[in-house]
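Subject: Structure for your review

Dear colleague,

Please find below the structure that I am handing over to you. My findings follow directly after it.

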Amino acid sequence: MILRPSAWIFQTELLFPPLNSTTNNRSKATTVVCGLRSCKNKKPPSMVISKESVQVIHALKLAKNSEEKLNQVLKSKLLRLLKPDVLIVLAELHRQNQLHLSLKVLEFIISDEEAGYDKLLLPLYSDTILLLGKNKMIEKAEEMFYEVVEKGLKPDTRLFNEMIGVYLQVGNTEKAMEVYRSMKASGCLPDALTFTILIRNLMNNGENELVETLKKESFDYVNKPDKFVQKVQLKHPKKRHINLVI
């Protein structure tokens with residue numbers, strides 16, 4: 001059963017008692033222009049895919065239309081990979097937007113208790129929620145967020161940010177603000193990305209009062225808040241270009 005957003009937000013606040021109960025109840029659902037972040041279809045420069053990993057990815061893609069064959073590949077091929085290679089396989093599936101295969105590999109990782117993925121689960125959940133947001137699979141993202149809470153993991157800033165981004169992808173600023181408030185109520189600190197994505201989306205929707213509130217609140221959380229507020233208000237902020245020497 002998938003709980004409504006308000007249910008898992010309430011559950012998060014129960015499991016992780018608030019440090020500050022002050023919240024802002026004003027919000028309004030509108031259509032947004034930008035989502036969580038721009039998505040680049042490039043491999044991270046430090047990610048080297050081994051021959052074995054490439055073979056597993058190929059086998060998974062060939063078997064993806066058959067659950068039986070897919071499970072066979074997971075048990076016979078993925079299980080044999082070293083842990084770093086398994087993580088690279090998952091990262092590459094994310095890069096290729098192979099959503100179904102990514103979910104199956106994540107499920108495999110979660111079930112493999114002996115491999116010692118425990119400390120990596122939170123960032124892996126965050127990566128997957130980001131992928132679900134890109135594919136507009138809101139209910140599945142909500143389900144995954146609640147799964148984190150059910151497992152007793154404490155959502156961190158990035159996980160909350162990704163969930164905020166999921167709602168912004170579909171223009172639901174009201175739910176995005178609910179997650180932001182739940183984030184603060186649980187004792188998790190918002191960061192520059194939290195305020196950037198919220199302020200810019202709210203600006204696009206003419207939510208000026210909420211924008212001003214978030215600007216003021218950002219002073220308690222970000223470095224050099226004056227410069228941050230000036231930068232976040234720019235419609236077309238300068239992009240950083242990195243020249244790679246090949």
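Of the 246 residues in the chain, 44% are buried. Please bear in mind that the model is predicted.

As to secondary structure, the chain contains 12 helices and zero strands; the pattern along the sequence is accordingly written α-α-α-α-α-α-α-α-α-α-α-α. When contacts between residues at least 6 apart in sequence are considered, 72% of them join residues at least 24 apart.

One helix pair was examined in detail. Two packed helices are described by the angle between their axes and the distance between the axes. Helix α8 spans residues 157–169 and helix α10 spans residues 192–204; their axes come within 10 Å and cross at roughly 15 degrees. Because angles under 35 degrees count as roughly parallel, α8 is roughly parallel to α10. The crossing of these two helices is left-handed.

On the α8 side, the contact is made by Thr157, Asn161, Ile164, Gly165 and Leu168. Helix α10 contributes Leu193, Thr194, Ile197, Leu198 and Asn201. Sorted by class, the residues in the contact of α8 with α10 comprise five nonpolar and five polar ones, with no charged residues.

Yours sincerely

Definitions and conventions. Residues numbered from 1 in each chain as written. Predicted model: local features only at pLDDT ≥ 70, side-chain atom pairs only at ≥ 80, totals over all residues. Heavy atoms only, no water. Helix = DSSP H or I, 4+ residues; strand = E, 2+ residues; numbered from the N terminus. Buried < 20%, exposed > 50% of the residue type's maximum accessible area, 1.4 Å probe, protein only. Contact = heavy atoms within 4.5 Å. Axes fitted to C-alpha atoms, helices over the stretch in contact; angles between N-to-C directions. Parallel < 35°, antiparallel > 145°, perpendicular 65-115°, else oblique. Left-handed = near helix turned anticlockwise from the far one by under 90°. Nonpolar A, V, L, I, M, F, W, Y, C, P; charged D, E, K, R; others polar.
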